[in-house]
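The following paragraphs lead through the structure shown below, beginning with the packing of helices and moving on to the wider setting.

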Amino acid sequence: MTRRYDLSRAGIMGATTSGTARVSIMAVLITVGFTTTLFLLAGANPIEAYLQYLVVPLTKQFTLLEVLVASTPILLTGAAVAIAFRAGFWNIGAEGQLLAGAVAAAAIGPLVGDLSPWLAIPLMIAGGALAGAAWVLVPALLRVRLGIDEVVTTLLLNPVALLMVNALLHGPWRDPKTGFPESPRIAASAIYPDLIPKSRLHLGFVVALVVILVAWFVMTRTAAGLRMRAVGLSPHAARFAGMNVERTLLRVALVSGAIAGIAGVGEVAGIQHKLTSGLSSGFGYTGIVVAMLGGLTMPGVLLAGLLLGDLTVGASSASRALNIPSEMGEVVQGVLLLVTVGLLAVRHGRVTRSDPPPDEAEVDLEPAGAGSGEPGPRAPVEPVPI
Amino acid sequence: MRILYGLTLPDSGEIQVGGQVVNIRSPRDAIAVGIGMVTQHFSLVRPMSVAENIILGRARGVRLDVDAARRLARDASERYGITVAPDAIVGNLSVGEQQRVEILKALARDCRILIMDEPTAVLVPHEVDALFATLRRLVAEGLSVVFISHKLGEVRAICDRVSVLRRGRMTGTVPGSTDERDLARMMVGRPTFGVGRAMADERLVGPPRLRVDHLTARGAHGLDVLRDVSFAVAPGEILGVAGVSGNGQTELGEVLSGMRRPTAGSVRVDDVELAGATPQAIMAARVGRIPEDRHACLVLDMSVAVNLMLERVDDFLVGGRLDQRRILEHAQDLIARYAIKAGPHDRVGTLSGGNIQKVLLARVLSRDPRVIVVSQPTRGLDVGATEYVRTELLARRAAGAAILLVSEDLDELLALSDRLVVFYEGRIVGEVSAEDADPERLGMLMAGRGVAA
């Protein structure tokens with residue numbers, strides 16, 4: 001019997017999570033602090049509000065399943081964003097890629113009525129993945145070939161995707177009888193089966209778990225994942241070691257877009273069964289919160305995705321129970337993102353401000369807890385001379 | 001220089017300006033006491049006009065007084081003969097003109113002491129003449145200038161007094177008219193031998209293994225930084241590259257490592273053409289690379305074990321997965337063989353400079369390279385690590401590797417190299433064998449005074 005070498009735990013693969021876990025927990029605590037004031041302003045008891053937000057949804061089977069339903073798209077977009085960020089591709093466009101995937105699903109779904117679900121569903125998933133990847137292809141190429149900042153280009157393609165959805169719904173796909181801006185229903189064989197009868201929990205949740213599992217394996221256990229992380233942590237060192245940085249970035253970007261596209265397929269095939277303009281309530285953006293809060297690791301994404309799903313379900317019931325605006329849930333999410341990013345920035349900024357002697361300089365530049373290997377936001381890292 | 005401008009804080013000592021001790025903690029303090037600096041890399045906003053650049057950082061209040069800046073630029077051009085059009089866009093100006101804008105900027109802040117760091121490095125000859133004329137006029141007006149340069153000819157042409165710094169110490173201050181040979185001697189000093197190489201008799205002489213022909217490359221400024229460089233290194237030979245920093249050695253290392261594309265010329269290892277090849281192709285030709293920016297060439301946030309296998313990830317796969325046990329064993333093996341004081345799980349960023357260098361050394365040497373390109377191998381290392389690195393390189397030489405050693409440390413070059421080439425402004429200006437390498441002559445060559453012996 002050989003000894004089990006669990007290197008990822010021990011940190012050999014650069015995947016220890018203690019540092020990021022600390023940041024995430026602190027982010028949650030600070031957010032609770034901040035939002036307490038907001039709840040008071042809204043005239044609600046903050047403790048009661050948080051019970052409503054986080055605990056109550058877990059106490060009933062129906063709402064518990066709804067939590068999983070709400071988590072499904074953001075687990076996928078969270079994984080998509082985390083993978084991209086980990087490699088240093090700042091994909092802010094998961095929202096647009098999700099919509100592109102949804103469009104593909106809505107286009108394929110009505111045509112596959114003659115096929116068995118075993119063929120129809122994989123076909124739709126593949127179509128959605130391709131569409132999501134296609135949506136990020138241009139920003140990825142611009143970044144890799146011309147060095148054009150993908151933050152801007154991926155972000156700007158989000159409203160373009162929404163406009164495309166609306167153009168389709170008000171144009172060729174408009175319901176000819178009712179005139180509603182909705183695409184034709186997808187075929188029965190293309191609908192994600194329910195996991196539990198009489199609930200809305202659908203196959204998409206399993207798809208999300210499988211994607212996260214595969215992504216975790218690839219990131220921590222394969223050469224491709226190692227290259228990806230090396231490129232994200234130090235493109236220069238990765239190139240020096242013989243890695244093709246551009247190719248790695250391009251692949252990661254496409255995979256990220258594909259996963260976001262699959263999230264879009266899930267919303268069409270699992271929930272709406274057709275394309276509507278209200279398909280996504282910002283799942284792509286929430287994915288950024290999930291990824292950052294999860295420390296860009298897959299176990300972290302799983303936890304953060306479920307937490308935010310909980311929060312979403314809680315927010316809608318809390319608004320009824322406590323008579324506070326349902327937008328409070330989004331406010332809490334927004335604060336959570338800002339606090340997480342802020343904490344990461346502080347952690348990087350604090351240590352980089354020192355001015356060590358030239359040669360040994362970089363040794364001390366990285367934060368003490370950066371064994372996690374998460375790159376953090378890039379903007380505040382460089383101290384500017386003069 | 002960085003201390004004078006407040007970019008680095010001194011550990012001890014004091015600075016006096018006009019007889020008064022001043023405490024400079026930031027560039028703002030430096031400007032306040034009348035110190036201005038013009039660095040090699042200009043801090044100009046390229047899309048803005050000259051006048052706008054001049055008032056930048058001095059603008060108080062809401063309204064921008066661009067007219068005042070224009071006036072100032074015009075006055076200056078009359079008084080000091082610094083001619084620049086106030087409304088010209090900086091990005092459209094030549095490098096020499098941009099430098100004038102930098103000087104104007106400093107003058108506009110009432111600077112009384114102007115520090116110029118290698119001001120001629122980015123200039124073409126006639127711009128140098130214009131700069132010198134400007135500086136002479138400014139000095140006549142009462143400005144003090146600290147002119148930092150490694151070019152003896154320039155120093156003698158423009159300076160009243162010369163202070164020579166070597167390894168952070170002041171070697172002495174002499175009149176500007178001092179003989180070039182004496183200056184060169186002060187710059188280079190007497191070599192002291194540490195680790196010595198075995199003498200030439202055991203050298204394996206054969207056809208060159210690494211051949212570089214007519215290599216030309218551009219640097220960050222878009223100017224040629226390597227110009228028609230040719231040399232060859234035989235198996236079992238160490239060829240040293242000497243030169244003051246910034247004369248093309250960095251770029252030579254980058255080109256040979258696959259990190260910079262040359263614009264012309266060839267690099268061959270055993271007749272395999274490698275000019276412009278990827279790092280991967282270069283490694284496949286069994287070239288080992290130990291770069292001068294060692295921190296940037298390791299992934300500091302990853303473990304020692306991963307960094308040790310990063311150049312050959314594909315060798316550690318089993319059925320598509322990384323074989324973590326072999327990665328660990330490989331790391332433990334190299335850590336023991338190269339006396340790295342760290343565990344395989346430690347983040348490379350937490351290691352000392354010496355151990356970081358040993359990680360690179362282990363990664364490179366464990367692949368038994370036939371050619372080694374190594375830059376500044378012992379810079380910043382303590383004595384023990386320095387000795388270790390040098391011993392390893394000599395062992396590789398004995399084993400028949402062709403080694404190109406780029407170093408700013410003349411002692412190191414003289415101790416290790418069989419032959420030396422001297423770089424000056426991107427060219428090889430001289431070649432000497434180790435036996436008759438003479439510090440004074442090397443110093444002259446390095447300072448651009450390549451008198452034929």
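In this predicted model, helix α12 (residues 283–293) of chain A packs against α13(A) at an angle of about 135 degrees, and the two axes lie 8 Å apart. The crossing by which α12(A) passes α13(A) is right-handed. On the side of α12(A), the contact is made by A:Thr286, A:Val289, A:Val290, A:Ala291 and A:Leu293, while α13(A) contributes A:Val301, A:Ala304, A:Gly305 and A:Leu308. Sorted by class, the contact of α12(A) with α13(A) has seven nonpolar and two polar residues, and no charged residues.

Helix α13 (residues 298–322) of chain A also meets helix α3 (residues 46–55) of chain A, and here the axes come within 6 Å and cross at roughly 135 degrees. It follows from this angle that α3(A) and α13(A) are oblique to each other, and their crossing is right-handed. From α3(A), the residues that make the contact are A:Glu48, A:Ala49, A:Gln52, A:Tyr53 and A:Leu54, and from α13(A) they are A:Asp310, A:Leu311, A:Gly314, A:Ala315, A:Ser317, A:Ala318, A:Ala321 and A:Leu322. By class, the contact of α3(A) with α13(A) has eight nonpolar, three polar and two charged residues.

Chain A has 386 residues, of which 52% count as buried. Among the contacts in chain A with a separation of 6 or more, 78% are accounted for by residues 24 or more positions apart.

Just after α8(B), B:Gly258 takes a positive phi of about 85 degrees.

The predictor's own scores complete the picture. For chain B the mean pLDDT is 84, and 93% of its residues reach 70 or more, while the complex is given an ipTM of 0.78 and a pTM of 0.77.

Definitions and conventions
Residues numbered from 1 in each chain as written. Chains lettered and ligands numbered in written order. Predicted model: local features only at pLDDT ≥ 70, side-chain atom pairs only at ≥ 80, totals over all residues. pLDDT = per-residue confidence, 0-100. Helix = DSSP H or I, 4+ residues; strand = E, 2+ residues; numbered from the N terminus. Axes fitted to C-alpha atoms, helices over the stretch in contact; angles between N-to-C directions. Parallel < 35°, antiparallel > 145°, perpendicular 65-115°, else oblique. Left-handed = near helix turned anticlockwise from the far one by under 90°. Contact = placed C-beta atoms within 7 Å. Nonpolar A, V, L, I, M, F, W, Y, C, P; charged D, E, K, R; others polar. Buried ≥ 20, exposed ≤ 12 C-beta atoms within 10 Å, placed from the backbone.
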